[in-house]
Amino acid sequence: MSIRIPVTWAAAAGSLAVMGAFGPGALAPPPRAEADAVRRGPDSVAPPPGRAFYFTRAVYSDIDRRTFRGWWSVDYPKADRQFVIGLKRLTGIDAYDLENPIRLDDPALRRYPLVYAVEVGHMSLTEPEVLGLRSYLLAGGLLLVDDFWGSWEWANFESQMARVLPGYPVIDLPSDHPLLHVFYDVEHVVQVPNVGLGRRGGHTWEKDGYRPALRGIVDRDGHLLVVINWNSDLGDAWEWAEDPFYPLRFSNFAYQLGINMIVYGMSH
Amino acid sequence: MLESVFTFLFKYRPAIYQHGQLGFDAPWPVAATLIAGALLLGAALLAYGGARPHLGQRDFVVLTVLRTAIVGLLVFALLRPVLVVSTVVPQENVLAIVLDDSRSMQLADRDGETRGAFVTETFAASDSPVLQELGERFKLRFFRFGTSVARHDPGLPLTFGQSRTDLKEALHFVRRELAGVPLAGVVLVTDGADNATNDLTDPLLQFKADQVPIYTVGVGRDALTRDIEVSRVEAPERVLLGSSVMVDVMLVQSGFRGDRVTLNVEDNGRIVTSQDIRLAGDREATMVRVQLLATEPGPRLFRFHVPQASGELVAENNVREVMVTVDDRREKILYFEGEPRFEVKFIRRAIADDNNLRVVTLQRTAENKFLRLGVEDADELAGGFPRTREELFTYRGIMLGSVEASFFAHDQLKMIEEFVGQRGGGLLVLGGRLAFAEGGYHGTQLANVLPVIMEPSADPEFFRTVEVQPTPTGRGHPVTRIGNADSGSTLSWAGLPALSILNPLARTKPGASTLLTGRADDGGDVYTVLAFQRYGKGTSIAFPVQDSWLWQMHADVPLEDLTHETFWRQMLRWLVSNVPDQIHVSTPAEDVEPGETISMTAEVRDSSYLGINGAEVEATVTDPLGNETTHALEWTVEEDGVYRAELATSLAGRYDVRVTARHGDRELGSALRQVRVEQHPTEYFGAHMRAPFLKNIAAETGGRFYREASIEGLTEDVRYTESGATRHESHDLWDMPIVFLVLLGSIAAEWGLRRFRGLA
C-alpha cells in the first residue's frame with residue numbers, strides 16, 4: 001500500500017522535474033573513454049560497485065544472431081541514461097548514473113536483481129542464455145521487457161519465454177495491481193509510440209499492435225518474474241523526452257510507469 | 001598432620017592460640033629474674049671475651065648467640081608464660097547442633113557408607129563420644145534442616161529425605177530460636193550442597209556481630225569418584241513456533257575422563273535427537289550445544305538424559321528437564337527503510353512464508369513520499385514513522401535501514417531508545433550509505449543503544465567487499481547457525497558470496513557480542529558484520545552490510561539453497577524473542593516441590609509500557625486436576641507496575657497460571673505461565689562435599705571447619721569462645737616441648753662447637 005498522490009499532480013511534478021533535469025548540459029555527450037568502452041561492447045564495461053541500483057540492460061542473442069549492436073541495443077545508451085536522470089530526480093534511489101549492459105549468460109547478471117530488455121520480439125536465446133535467465137528469475141530477479149509490437153513479435157517472445165520458464169503463466173496485470181500504484185497512481189496503460197510516430201502526431205501503433213498491454217509472468221507464489229510492456233515503447237519516450245516535438249504526455253507516462261516498475265522491483 | 005606436629009611442639013591446638021593471649025605468671029619478682037638472667041649472660045660473654053684470641057670472629061658470634069638463646073629461654077621459662085583463654089562455663093551455655101536432613105545425605109560415598117550414617121553415629125547416637133564430651137560442657141540444642149528447618153529430638157531418627165538444602169533459612173531459624181540464651185556456638189553438620197540459591201551474607205553477618213562462631217563439619221567426599229552429571233541446561237524461556245531452539249548443556253564428570261557418552265533429548269517423552277559426546281577431564285565442564293526444532297505449540301518439556309554408566313554412584317543427576325513455551329503467534333516488526341533498496345524485497349520474501357513473523361515495511365521512496373507494505377489497515381503508519389510511544393510500542397521489533405538520523409525528530413530517536421531500554425523490544429540496524437556514523441548517528445541516543453562504536457569515517461567514499469566469517473560465539477548462535485540441511489541451508493559461511501559495507505565499523509562495546517566479522521577482500525582490515533548487546537530490557541543488533549540479498553541472488557548460491565531465508569528468519573525470530581508483553585509474568589523457578597508456594601510476579605504496563613499501580617490483577621490457577629482458583633496479586637509498592645502473590649500448591653503436575661489485569665473499566669490484557677510442581681532430584685546435583693564453601697562460613701564467623709577425620713578437635717575448640725557465659729583460664733606454656741627441644745639443642749650445639757674448637 002502506498003501513500004497516494006493524485007496522478008495529475010504527480011504527473012505535473014514529474015514532467016517539470018524531468019524537463020528540469022534535461023536542461024543545458026544534461027545531455028552532454030559522455031566522455032570519450034566511456035563512449036569508447038560502450039562501442040567496444042558490454043563485456044568491457046564494469047560499473048563501479050557500491051550503488052543501490054544499476055539500470056541494467058539485457059544483452060541477448062537475436063534472430064539476426066548479433067550480440068553486439070543487435071536488437072538489444074535499440075535506444076541504447078541514451079534512453080538508459082535519461083531514464084536514470086529522471087529516476088534520480090524523482091525518487092530517492094541511489095542509482096548509478098550510466099548504463100549497465102550485461103549478457104544473459106553472464107553470471108554477473110545475478111548481481112543486478114532488475115534487468116531491462118527491449119525488442120524482445122526479435123529475441124532468439126542461446127541455451128546458455130536460457131539457463132542464465134531462468135536461474136536469474138528463479139533466484140529472485142525481475143525482467144522488464146519493452147518495445148515489441150504485434151502478434152508476430154508476441155509469438156516469438158512467448159516462445160522464448162516458454163523455453164526460459166516452461167509452464168509459467170502469463171497474466172494481464174489488473175488496474176489495481178500494486179505495480180501501477182507503488183509510486184505513481186497509474187490509472188490507465190497508455191500506448192507510447194516510437195519517436196517517429198510520436199512526433200508525427202498520428203496513430204501510435206506499430207504492426208498489428210493496436211492496443212497496449214501490461215502483462216506479467218508469475219511464479220507459484222504470485223511473485224512477478226517478468227513485467228511485459230507490449231505494444232508500447234517506453235524506451236523511445238525516455239530517449240526523446242527532451243525533444244520538443246515528442247508529446248509530453250507520452251514521456252510523462254513512460255517515466256511514471258518506468259519508475260513504478262523500478263520501485264516495485266526493489267520492494268516486492 | 002601439620003596440626004598434629006604443632007600441637008605436639010606447642011602443647012595446645014592452633015585454635016586455642018587463635019583465641020588466647022600470652023601472659024606471664026611468675027611466682028617470684030620478674031625484675032629479679034631478669035637481673036639474674038642478665039648477670040648470667042654477662043658472665044658468659046665475659047668468658048667468651050677472654051677466649052676471643054683463640055676464636056675466630058664467626059665462632060665468637062655463633063657461640064655468643066647460642067649462649068644468649070640458652071639464657072633467654074631459661075629466663076622465659078622462669079617467668080612462667082601462660083596462654084590466657086576465654087572458655088565456657090560448664091552447663092551455662094547452649095551449643096546448637098544443626099544437622100543436614102536432606103536427601104544428599106543418603107549418598108554412600110564414604111567407602112560404601114552413607115553420609116547420613118556418619119551424622120547419626122556422631123551427632124545423633126546417645127553413646128557418641130563427641131556428643132558426650134560436648135554434653136559435659138554445653139546444653140545441646142538439636143535442629144534438622146533441608147527444605148524446612150525444625151527442632152530435632154535426638155531420640156528420633158533423621159529421615160535424610162528432604163528434597164532441598166536451604167542453609168540460609170536454617171541459620172535464620174537457629175538464631176531466632178536461640179535468641180536470648182547464652183549461645184556459645186553453632187555446629188553445622190552438612191555436605192554443604194546448598195541448592196536453595198540463597199545468599200548467606202545476612203545470616204553470617206548476624207552471627208559474626210553476635211560473636212557466635214559457626215563450626216562446620218563437612219560430610220562426604222570432595223568429589224564423587226565415578227559420576228556423570230548433567231550439570232546445567234540453558235534454554236530460552238519462550239520461542240516462536242517453528243524456531244530453532246539452541247540449548248546449552250553442561251556435563252561434569254569424574255572418573256570417566258575422555259569416555260564417550262550419548263546425550264539423549266526427549267520432547268514430551270519422544271527422543272528427538274541424540275549426540276555422542278567425548279567427556280572432558282575430571283571435574284571439568286563439557287559444553288554441548290543442542291539444536292532443537294519447536295514444532296508444536298504450547299509448553300514443551302525437554303528432557304536431557306545421559307544413560308547411567310558402569311560403576312556410576314548417582315544416576316539421579318544424569319537427567320535434567322527444561323520447559324520451553326512455544327508460542328504460535330505472529331510477531332510484528334517495523335522495518336523502516338530510508339530509500340528503495342533490494343534488501344527490502346529480499347528480506348520480505350525471506351520471511352513471506354513464516355506464519356509467525358509479520359514485517360510491516362515503511363519505505364521512503366522519495367522526499368516525503370512513503371510506501372507502506374504489510375500494514376494491517378489503512379491507518380497503520382499513515383502518518384509515517386510513529387510519533388507516539390503507544391504507536392511505536394505496538395511493534396516487538398524495529399529494523400532501521402539506510403535512513404539518516406536527521407530524518408527523526410529528537411523525540412522519535414528517544415522513543416527508539418526507550419523502545420529497547422524500557423519496552424524491551426529488539427532493534428536491528430542495517431548498513432547503508434545513510435546508516436550508522438555515515439547517517440549522522442554519532443552522538444545521538446541510538447549511539448548509546450547500539451553494540452558498535454561509531455566514529456565518523458575519514459573516507460566519505462568508503463566501500464569494502466568482505467568475506468563473512470562467524471566468530472566462535474557466532475558458530476553456535478541461533479541467528480548464525482547455517483549449513484543445516486533440515487532448514488534447507490546447504491552452504492557453510494565459507495561458501496557464501498562476499499558482501500559489501502559502506503560503514504567502517506570495527507569496534508564493539510565492552511558488553512557486546514560479535515557473531516560475524518568480515519575480512520576485506522584485499523586481505524586487510526576486519527570489520528564487524530553482526531554484533532548485538534543487551535540494552536536495558538531489550539536487545540540491539542548491528543548488521544552493517546548493505547546487500548545480504550546476494551546470499552539469495554548470487555550465481556554461486558544454488559537456486560534451491562535457503563541460507564538467505566534461514567538467516568533472516570532466524571535473525572528476526574531472535575530479534576523478537578523474549579520481548580515482554582504488557583502483562584509479563586515471571587516466577588523465580590519454573591518448578592517447585594509439592595507443598596511449596598509459587599512466587600508469582602506480574603509486571604503490568606499500559607500501552608506505552610509505563611507501570612500501572614492501581615490495577616486489579618488476578619491470577620487464575622488451574623491445578624493438575626483442572627480445578628480453578630483465583631488469587632489477587634498485590635502491588636509491591638517498591639516498583640511501579642509490579643504485583644506479587646504467593647500461590648500454594650499441593651498436587652504434583654502442571655499448574656497453569658493466567659494473570660489478568662484491568663484498570664478501571666479497561667482490560668489491560670492477560671498472560672499465561674506454566675509451573676511444574678513435582679519432586680526433583682535437586683539434591684543429587686553438585687552433591688559433592690563443598691569444603692571451600694563450609695570453610696568460608698566458618699572463617700566468616702570465627703569458627704573452624706572439620707572433616708570427618710578431624711572431628712575430635714571440635715570438642716576442644718568449641719570450649720574457647722567469647723560468646724555466652726565464659727571465664728578465663730590460664731594454660732602453662734613453660735613446659736612446651738618446643739622450649740626444651742630448643743634449649744637442649746642450643747646447649748648441645750654450644751658444647752659441640754666449643755669442643756670442636758678445643759675450648760671444652
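Which strands of chain B does α9(B) lie across? I looked, and α9(B) lies across β16, β17, β18 and β20 (426–430) of chain B. Its direction is at about 165° to β17(B). Helices (H or I, at least four residues) and strands (E, at least two) are DSSP runs, numbered from the N terminus.

Before going on, the ground rules. This is a predicted model, in which local features need pLDDT of at least 70, side-chain atom pairs count only at pLDDT 80 or more, and totals for chains, interfaces and linings use all residues. Residues are numbered from 1 along each chain as its sequence is written, while chains are lettered from A and ligands numbered from 1 in the order in which they are written.

**The sheet in chain B**

I traced an open sheet of 10 strands, with the order β18-β17-β16-β19-β20-β25-β24-β23-β21-β22 and mixed pairing. Its edge strands are β18 and β22 (499–501) of chain B, each pairing on one side only. From one strand to the next, the twist averages 25°. Two strands pair if DSSP finds at least two bridges between them.

Then I walked across part of it. β16 (residues 331–337) of chain B pairs with β17(B) in the parallel sense over seven bridges, and there Lys332(B) stands opposite Arg358(B). β16(B) is also parallel to β19(B), over four bridges, with Phe336(B) opposite Leu400(B). β19(B) in turn pairs with β20(B), parallel, over four bridges, and Leu400(B) stands opposite Val429(B) there.

Is β19(B) covered or open on its faces? Both faces are covered: Gly397(B) and Met399(B) on one side, and Ile398(B) and Leu400(B) on the other, are all buried. Buried means 20 or more other C-beta atoms within 10 Å of a residue's own, exposed means 12 or fewer, and partly exposed is in between; C-beta atoms are placed from the backbone.

**Where the chains touch**

I checked the contact between the chains: 29 residues come from chain B and 25 residues from chain A. Contact here means C-beta atoms, placed from the backbone, within 7 Å. On the chain B side, α9 (342–350), β17 (357–366), β18 (369–373) and α14 (550–553) each supply at least two residues. So α9(B) turns up again, both at this contact and across the sheet, if I go by the DSSP numbering.

**Over to chain A**

I looked up helix α8 (residues 248–267) of chain A: it has 20 residues and reaches 28 Å from first C-alpha to last, close to the 28 Å expected. The expected span is 1.5 Å times one less than the number of residues. α8(A) is mostly covered, with 18 of its 20 residues buried.

Most residues other than glycine have a negative phi, and most peptide bonds are trans. Tyr76(A) and Pro77(A) are joined by a cis peptide bond, omega about 0°. Pro77(A) sits in the loop between β1 (56–59) and α3 (78–90) of chain A. Asp75(A) is in the loop between β1 and α3 too, and has a positive phi of about 70°. Asp75(A) is buried, with 24 other C-beta atoms within 10 Å.

Lys207(A) also has a positive phi, near 50°. Lys207(A) counts as partly exposed, because 14 C-beta neighbours lie inside 10 Å.

Note on methods. Contact = placed C-beta atoms within 7 Å. Axes fitted to C-alpha atoms, helices over the stretch in contact; angles between N-to-C directions.
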